[in-house]
Amino acid sequence: MKRGIIDGKATAAELRRRAAAAAARLREDHGITCGLAVVLVGEDPASQVYVRNKSTQTREVGMNSFEHRLSADASEDELLELVAKLNRDPAVDGILVQLPLPPHMNADRVINAIAPHKDVDGFHISNVGLLGTGQRALVPCTPLGCMMMLREIHGDLSGLEAVVVGRSNIVGKPLAQLLMMANCTVTVAHSRTRDLASVCRRADILIAAVGRAEMIRGDWIKPGASVIDVGINRVERDGKFRLVGDVNFGEAAAVAGAITPVPGGVGPMTIACLLVNTLTAAHRVRNLPEPAGLTV
Ligand SMILES: Nc1nc(=O)c2c([nH]1)NC[C@@H]1CN(c3ccc(C(=O)N[C@@H](CCC(=O)O)C(=O)O)cc3)C=[N+]21
């Protein structure tokens with residue numbers, strides 16, 4: 001059992017080293033260079049930072065990065081055409097369409113147009129269904145990163161009480177599935193949950209994925225519990241913008257057994273898991289044995 005502040009940056013760097021080794025083997029043994037395509041629609045400045053970080057790290061592990069930008073007023077058909085082209089492109093193993101999309105586009109329709117075997121976000125209904133039934137799926141990156149950090153803290157998770165606060169399709173729901181598969185007793189709580197504080201206090205593993213800055217207080221946490229903070233909220237403090245999680249870190253760190261910080265926790269793991277999923281997709285589509293040590 002690991003305790004204290006869990007360094008997501010270091011864990012992600014180690015995962016990227018393993019990804020780089022697997023990418024090198026794929027290149028040397030099979031002449032294949034993995035490729036990840038990232039599609040950004042519009043000019044949202046925060047999204048641009050993520051896209052840049054993803055591209056840099058993709059190249060650093062020895063994979064090709066293909067960036068596609070469409071203007072905010074591009075039509076949904078233009079985006080669907082681009083997705084269809086990437087689906088056909090043999091140099092592209094993984095496709096990520098950055099969310100949120102502009103309001104005139106139907107995100108479900110776009111996501112479900114991605115070839116499921118290239119859906120490295122794990123958002124396609126086919127991957128969602130495979131995960132929900134315990135079949136081999138591409139698993140969403142943030143939940144995958146959370147599970148890796150929990151494995152680092154606990155090893156075996158069997159029988160532990162897990163409370164997931166948040167029921168989104170991209171974090172809460174898939175993470176609940178993964179925790180069930182790992183034999184946790186899982187509660188999914190949300191904004192309408194009655195007495196959220198006392199539900200949280202039951203948790204051996206508390207996942208905060210609500211998107212509300214510092215909502216989870218120290219006295220909501222069972223002493224010694226593991227706290228995984230998925231929130232990334234930009235707040236203004238003393239005239240400066242800062243990133244904070246969904247957990248009040250100062251209060252929580254005094255009570256928790258292990259806790260992930262923001263920044264430097266789940267965020268870097270999410271990007272590392274995107275590279276891992278791209279490698280996984282590249283192996284599966286060619287029926288190659290998947291590299292060990294890359295997933296939960
Ligand atoms: N299709 C799609 N897939 C995504 O995975 C996806 C998306 N759309 N839209 C936006 C969100 C957000 N997201 C982040 C990933 C890493 C950090 C990250 O590494 N954050 C750093 C800090 C970065 C900073 O300083 O701004 C950290 O927490 O330490 C943040 C946010 C992925 N997203």
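## Exercises on a ligand shell and a helix pair

In this predicted model, 17 residues surround the ligand, the closest being Q98, L99, P263, G267 and T270; a residue counts as near if its C-beta atom, placed from the backbone, lies within 6 Å of the molecule. Residues are numbered from 1 along each chain as its sequence is written. Because the model is predicted, local features need pLDDT of at least 70, side-chain atom pairs count only at pLDDT 80 or more, and totals for chains, interfaces and linings use all residues.

**Exercise 1.** Describe which elements and domains supply the shell around the ligand.

Solution.
1. Two or more residues come from each of α2 (45-60), β4 (94-97) and α10 (266-285); helices (H or I, at least four residues) and strands (E, at least two) are DSSP runs, numbered from the N terminus.
2. The most, 4 residues, come from α10.
3. Domain 1 (30-115) and domain 2 (141-268) each give at least three residues, with bounds from an automatic or database domain assignment.

**Exercise 2.** Classify the packing of α2 against α10.

Solution.
1. The axes of α2 and α10 come within 10 Å and cross at roughly 50°. Axes are lines fitted to C-alpha atoms, for helices over the stretch in contact, and angles run from 0 to 180 degrees between N-to-C directions.
2. Therefore α2 is oblique to α10; under 35 degrees is roughly parallel, over 145 roughly antiparallel, 65 to 115 roughly perpendicular, and the rest oblique.
3. The contact (C-beta atoms, placed from the backbone, within 7 Å) joins N53, K54, Q57 and T58 of α2 to I271, L274 and L275 of α10.

Terms used:
Contact = placed C-beta atoms within 7 Å.
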